[in-house]
Amino acid sequence: MTLGLGLDTGGTYTDAAIIDLSNNEVLYCTKSHTTREDLSIGLRNVMMQIPEKYIPQIGVVSLSSTLATNSVVEGKGCRVALICIGSDYDNSVSSDYSIVISGGHDLHGAESKPLDVEAARKFLNEIKDKVDGISINGFLSVRNPEHENRIKDLAKSIMDVPVVCGHELSSGLGFNERTSTSIMNARLIPIIDDLIKSVKSVMIQLKIHAPLMIVRGDGSMMGEEIARERPVETIISGPAASLIGAMVLTGHKDAIVMDMGGTTTDIGILRNGRPRLDPEGAVIGGKRTRVLAADIETSGIGGDSRILVNGPNMILSSLRVMPVCLACNEWECVRDYYSKLSQIKSKPTPPALGVDNIVLDSEMFRTLRIPKDERTITPTDLCLLNLLKDRPYSLNEAGEILDIHPMNFNVHKLESLGYLQRIGVTPTDILHAEGSYSEFCAEGSKAAVSYLADRQGITFDRFIELAKEKIKYKLCIELLKVIYHEEGCYELSDIAENMIRKAIFHRDGVDYSCSIKVNQPIIGIGAPSGVYIRWVGEAFGTDVIIHKYSGVGNAIGAITSSISEVLDILIKPAVLGSTESKVEVFSKMGNAVFDTMDEALRSAEEAGRKYVREAIDRSGAEDVSIDTEIERKTFKYGNSKDYGDDNPLVEIHMKIRAAGKPKQFR
């Protein structure tokens with residue numbers, strides 16, 4: 001029996017699952033808190049929990065991770081030099097050093113300007129030992145990568161650093177998007193390399209002799225060698241793994257998947273056993289990339305989302321906090337504080353104060369870590385962090401102990417930097433307070449919810465009812481956004497919002513009613529999904545499937561996916577509509593011209609199959625299958641009838657996909 005070990009680092013927990021690869025049976029699963037400052041710590045913690053009896057049978061390890069996504073959003077990474085050929089770049093993703101040199105090609109792959117090799121040589125010598133990676137991007141290099149390849153060879157002869165070309169990552173047009181992707185990729189190389197080394201060091205310690213695979217953003221696997229070269233492809237790998245895990249656990253190939261964790265809820269769609277992909281490329285941190293990835297909608301609501309009250313208003317915030325019920329389980333001092341919370345007189349909050357700056361008496365704080373360079377924060381904030389190292393305090397308590405007014409603490413900044421964590425009321429506390437969930441300390445949740453209800457001027461039961469409605473409405477709206485995405489993006493008008501509210505809560509109006517039926521089942525992934533996702537199914541009259549191992553669905557998806565390599569080839573007549581003209585072929589392999597369409601198709605497919613076969617072999621795949629998809633695009637004149645094959649051919653898109661399993665899958 002050969003086993004697989006799936007690993008996933010989420011925003012709150014790092015999961016591990018042991019799978020029997022012959023039948024995808026889950027033999028063991030466990031969790032550990034994600035250590036955001038160093039993901040390798042959480043991975044080590046969770047891997048060390050694996051029972052010793054499984055270790056000798058592990059034949060493959062696969063990892064999905066939030067590291068690439070978080071690093072791009074936070075602007076982390078190594079020093080990168082950018083060389084643009086034939087066009088300037090809009091700098092939507094910044095580099096440390098950059099130059100624009102002459103060169104580039106036209107739409108037919110012909111050289112538009114000679115390549116200025118000497119300018120590149122001078123630049124590379126100037127930045128030697130100043131950068132850790134180089135990004136090279138030529139104008140229309142997807143039509144002819146010759147200039148990029150020449151500068152790459154030159155860079156490698158001068159500097160011993162990773163070099164990334166835009167055409168290697170994407171075959172789509174869009175110079176700025178391709179350049180952004182290339183810069184991101186170069187920045188991520190040492191970060192992913194460190195993560196891979198950390199996982200492999202634990203594997204060596206545990207004597208796990210198996211290859212390490214990494215999950216791509218489209219849900220497929222790649223070998224560690226490929227991941228080190230193209231780490232940008234691991235963007236959105238965690239949510240993509242949840243889609244694969246949902247399919248494996250339930251057997252449903254067409255479904256909506258809602259992965260609800262402590263921090264966020266990720267929503268995606270399965271179509272015929274594959275994640276629905278974003279055809280334009282993933283958007284990360286507001287920046288469009290050319291990374292082929294699952295079309296995922298991420299919403300800032302999870303089991304640990306903050307619930308607060310400001311005057312008469314209840315607010316569901318995207319800030320992740322530690323649930324009161326969990327904190328009461330961990331610290332006796334916290335239980336004591338909440339047992340006396342009703343004796344604290346509530347103070348009004350200034351109406352103009354932003355949500356992030358509001359601190360309630362029902363909230364406490366704890367230190368997550370002290371900054372390595374203590375000069376990056378104020379002495380006042382450093383005093384606060386040192387006080388909260390040993391145990392949590394409310395902000396008023398901390399102020400009294402330190403003799404510092406609470407308004408002088410930069411709580412929001414310390415939270416955003418990951419130094420401080422708030423303890424407060426969450427959706428998890430709402431379930432504990434009403435008695436529908438009882439894993440942790442319900443008494444603490446009841447005390448905190450009672451305080452907020454009094455502050456809002458409503459009853460305890462009414463507060464719980466309103467909180468549940470807010471959570472349900474938020475999740476339902478996020479689901480509808482994903483469904484609407486296939487038909488375009490829409491802004492909600494007042495009329496539409498009224499109709500949706502009636503549909504979600506099944507409330508009839510005086511003059512009209514409204515209902516919405518979702519046609520696909522919803523698969524819930526993540527520990528909190530067993531309760532919250534069922535609310536969505538009830539609202540939209542569809543089945544909700546919660547598997548007993550849904551809490552580790554991402555880790556299961558990580559280890560049950562397939563290795564995949566895809567090559568896109570563009571084939572088009574040199575003269576539109578002519579059956580006599582030469583035929584041009586463009587791909588990351590280069591460009592070529594043929595006398596006939598049949599010759600072009602035959603040669604492109606033969607070369608493409610060889611290319612994907614060699615690429616997938618580098619990831620250590622076996623039982624490889626290679627499929628070719630061909631899409632013909634023809635030109636139609638106005639409203640004239642469709643002449644079928646007689647319509648002038650514009651272009652042919654050929655997609656060659658190789659898929660297989662790691663050699664250790666037995």
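In the predicted model, helix α14, which spans residues 427-434, is largely enclosed by the rest of the structure, because seven of its eight residues are buried. The buried positions of α14 are P427, T428, D429, I430, L431, H432 and A433. The helix is followed by G435, a residue with a positive phi near 90 degrees.

Strand β21 pairs with β20 (residues 364-367) in the antiparallel sense, over two bridges. Within this pair, F365 has Y393 of β21 as its bridge partner.

Two helices, α11 (residues 379-387) and α12 (residues 395-402), have axes that come within 11 Å and cross at roughly 110 degrees. Because angles of 65 to 115 degrees count as roughly perpendicular, α11 and α12 are therefore roughly perpendicular to each other. The contact is formed by C383, L384 and L387 from α11, together with L395, A398, I401 and L402 from α12. By class, seven nonpolar residues take part in the contact of α11 with α12, with no polar and no charged residues. An α-helix has 3.6 residues a turn, so residues three or four places apart point the same way. In the contact between the helices, the contributing positions include C383 and L387 of α11 and A398 and I401 of α12.

In the loop between α12 and α13 (411-416) lies D403. The phi of D403 is near 55 degrees, a positive value in a residue other than glycine. The relative accessible area of D403 is 71%, and the residue therefore counts as exposed. A positive phi in a residue other than glycine is also found at I236, with a value near 65 degrees. Residue I236 is located in the loop between α7 and α8, and its relative accessibility of 11% means that I236 counts as buried.

The loop between α7 (224-229) and α8 (237-250) also holds E233. With a relative accessible area of 14%, E233 is buried. The side chain of E233 makes a polar contact, at 2.7 Å, with the side chain of R230. When residues up to four places away in sequence are not counted, E233 touches R216, G217, M222 and V291. The C-alpha atoms of E233 and P279 are separated by 14 Å, the two residues being 46 residues apart along the chain.

A further buried charged residue is K152, with a relative accessible area of 16%. Its place is in helix α4 (residues 146-158). The side chain of K152 makes a polar contact with the side chain of E168, at 2.6 Å. Apart from neighbours within four places in sequence, the residues in contact with K152 are I136, V163, C165 and E168.

In the loop between α17 (494-505) and β23 (522-525), the residue V510 is found. The relative accessibility of V510 is 83%, and V510 therefore counts as exposed, the limit for this class being over 50%. Between V510 and K661 the C-alpha to C-alpha distance is 59 Å, and the two residues are 151 residues apart in sequence.

Terms used
Residues are numbered from 1 along each chain as its sequence is written. This is a predicted model: local features need pLDDT of at least 70, side-chain atom pairs count only at pLDDT 80 or more; totals for chains, interfaces and linings use all residues. Side-chain values use heavy atoms; hydrogens and water are left out. Axes are lines fitted to C-alpha atoms, for helices over the stretch in contact, and angles run from 0 to 180 degrees between N-to-C directions. Helices (H or I, at least four residues) and strands (E, at least two) are DSSP runs, numbered from the N terminus. Angles under 35 degrees count as roughly parallel, over 145 as roughly antiparallel, 65 to 115 as roughly perpendicular and the rest as oblique. Contact means heavy atoms within 4.5 Å. Buried means under 20% relative accessible area, exposed over 50%, partly exposed in between (1.4 Å probe, protein chains only). Two strands pair if DSSP finds at least two bridges between them. A polar contact is a pair of N or O atoms within 3.5 Å; within protein, one must be able to donate a hydrogen and the other to accept it, and residues adjacent in sequence count only if both atoms are side-chain atoms.
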